[in-house]
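Hello,

Here is the structure for your files. My notes on it follow below.

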Amino acid sequence: MLNKKEFGVRLRLARKTVNESQDTLAKLLGVTPTQISDLENGKTGTNLDRFLLLCEHYRVSADYLLGITDDPTWRGNA
């Protein structure tokens, strides 16, 4: 089951690791900064298209963002 809090914590960490603002991420995803804040605070989830974009953008695995593993290693297309 998706733990929105854990997802939010890991999303915030990924964003801050690359020194990116919520505004910049919001523009990338086509949402508002408030929606990014809600994601990071575990209030809401996202759709699969945006989820994949987050994984690709931050080069982290889906399992990492979902809290299934602590290994953020990206295994996408190089």
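Predicted model: local features only at pLDDT ≥ 70, side-chain atom pairs only at ≥ 80, totals over all residues.

A residue counts as buried when its relative accessible area is under 20%.

Glu40 lies in helix α3. Its relative accessibility is 2%, so Glu40 counts as buried. The side chain of Glu40 makes a polar contact of 2.5 Å with the side chain of Arg15. Beyond its neighbours within four places in sequence, Glu40 is in contact with Gly8, Val9, Leu11, Arg12, Arg15 and Gln22.

Arg15 is also one of the buried residues of α1, along with Phe7, Gly8, Arg10, Leu11 and Ala14. The cover over these buried residues of α1 includes α2, α3, α4 and α5. With 14 residues, α1 reaches 20 Å from first C-alpha to last, close to the 20 Å expected at 1.5 Å a residue. At the start of α1, a side-chain oxygen of Asn3 comes to within 3.0 Å of the backbone nitrogen of Lys5. After α1 comes Asn19, with a positive phi near 60°.

Now the core. The largest nonpolar core has 16 residues, and those touching the most other members are Phe7, Leu11, Leu25, Ile36, Leu54, Tyr58 and Leu65. At least two residues of this core come from each of α1 (4–17), α2 (22–29), α3 (33–40), α4 (48–58) and α5 (62–66). The most come from α4, which gives 4 residues. Not counting residues up to four places away in sequence, Tyr58 touches Leu11, Ala14, Arg15, Val18, Glu20 and Leu25.

Regards

Notes:
Residues numbered from 1 in each chain as written. Heavy atoms only, no water. Core = buried A, V, L, I, M, F, W, Y, C linked by side-chain atoms within 4.5 Å. Buried < 20%, exposed > 50% of the residue type's maximum accessible area, 1.4 Å probe, protein only. Contact = heavy atoms within 4.5 Å. Expected span 1.5 Å × (residues − 1). Polar contact = N/O pair within 3.5 Å; in protein donor to acceptor, adjacent residues only side chain to side chain.
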